[in-house]
Amino acid sequence: YPAIHAWFEPFRSNLKKRQDQGHYFWELRSCIYWREFEQPKIVYPDIYEHQSFAWDENGYYSVNTTYFIPTDEKWLCALLNSRGVEWFYSHVSNKVRGGYLRAFSDYITQIPIPKITEKQETAAVSLVDRILAAKEHDPDADVSELEGEIDELVYQLYGLTKEEIKIVEGKSEP
């Protein structure tokens with residue numbers, strides 16, 4: 001198709017001149033962090049109804065509608081999926097049609113990360129592992145009790161009072 005090639009050639013030439021591209025003209029830029037996909041990480045979607053942070057230590061690559069946090073801190077997955085963090089995040093993030101939340105880095109980085117003791121970290125990781133094992137065995141497994149334990153742990157980490165917990169859980173007005 002000579003006409004198509006002739007039409008495309010100016011674009012190809014300009015792309016070849018760019019300094020931030022990859023190794024081929026069609027790579028608009030190289031991905032300098034691509035190896036981080038192969039490391040332990042927390043993966044989450046761009047748009048979601050409820051906190052949806054997932055732990056990956058299998059080196060999966062995600063697509064353009066997800067983000068990830070490269071970390072070996074598995075306990076953060078528990079924290080980020082907690083009701084307390086979801087409540088906080090719903091107050092700082094953009095909401096889109098239907099009440100869905102956008103997971104932009106500008107907002108994710110506003111989540112305060114509390115100091116955690118070794119004992120608390122061990123407990124959080126254990127809860128994450130138990131949820132992962134239950135879901136691996138049965139994707140429809142009811143893990144609400146384990147999620148409740150995570151919520152209680154997170155409330156303690158942030159030092160929330162009973163009244164503040166009621167607000168987070170929607171049982172009282174702020």
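Three bridges join strand β1 to strand β3 (residues 54–56), and the two run antiparallel. That pairing is a handy way into this predicted model, whose chain holds seven helices and six strands. Read from the N terminus, the elements come in the order α-β-β-β-β-α-α-β-β-α-α-α-α. Of the 174 residues in the chain, 32% are buried.

**Around strand β1**
- Strand β1 itself (residues 41–45) is mostly covered, with four of its five residues buried.

**The sheet with β2, β6 and β5**
- Three strands form an open sheet in the order β2-β6-β5, with antiparallel pairing.
- Its edge strands, β2 (47–48) and β5 (95–96), each pair on one side only.
- Two bridges connect β5 to β6 (residues 100–102), and Lys 95 has Leu 101 in β6 as its bridge partner.

**Salt bridges**
- The count of salt bridges comes to five, and three of them are described here, starting with Asp 56 and Lys 41.
- The side chains of Asp 56 and Lys 41 meet at 2.5 Å, N to O. Asp 56 sits in strand β3 and Lys 41 in strand β1, so this pair ties together parts that are 15 residues apart in sequence.
- Buried means under 20% relative accessible area, so Asp 56 at 6% counts as buried, and so does Lys 41 at 1%.
- Asp 46 and Arg 102 form another salt bridge, at 2.9 Å, N to O. Asp 46 is in the loop between β1 and β2 while Arg 102 is in strand β6, so the link spans parts that are 56 residues apart in sequence.
- Asp 46 is buried too, with a relative accessible area of 13%.
- Glu 169 and Lys 171 make a salt bridge in which the closest N and O atoms are 3.2 Å apart. Glu 169 is buried at 18% relative accessibility, whereas Lys 171 is exposed at 62%.

**A charged surface patch**
- Asp 142, Glu 145, Glu 147 and Glu 149 gather in a patch of negative charge on the surface.
- Asp 142 belongs to the loop between α5 (118–137) and α6 (144–158).
- With a relative accessibility of 66%, Asp 142 counts as exposed, because the cut-off for exposed is over 50%.

Conventions:
Residues numbered from 1 in each chain as written. Predicted model: local features only at pLDDT ≥ 70, side-chain atom pairs only at ≥ 80, totals over all residues. Heavy atoms only, no water. Pairing = 2+ DSSP bridges. Buried < 20%, exposed > 50% of the residue type's maximum accessible area, 1.4 Å probe, protein only. Patch = residues over 30% accessible without salt bridge, like charges linked within 9 Å, V, L, I, M, F, W, Y side chains within 5 Å. Areas by Shrake-Rupley, 256 points an atom, 1.4 Å probe, with all protein chains shown as cover. Salt bridge = Lys/Arg side-chain N within 4 Å of Asp/Glu carboxyl O. Lys, Arg positive; Asp, Glu negative; His and termini not counted. Charge placed at Lys NZ, Arg CZ, Asp CG, Glu CD.
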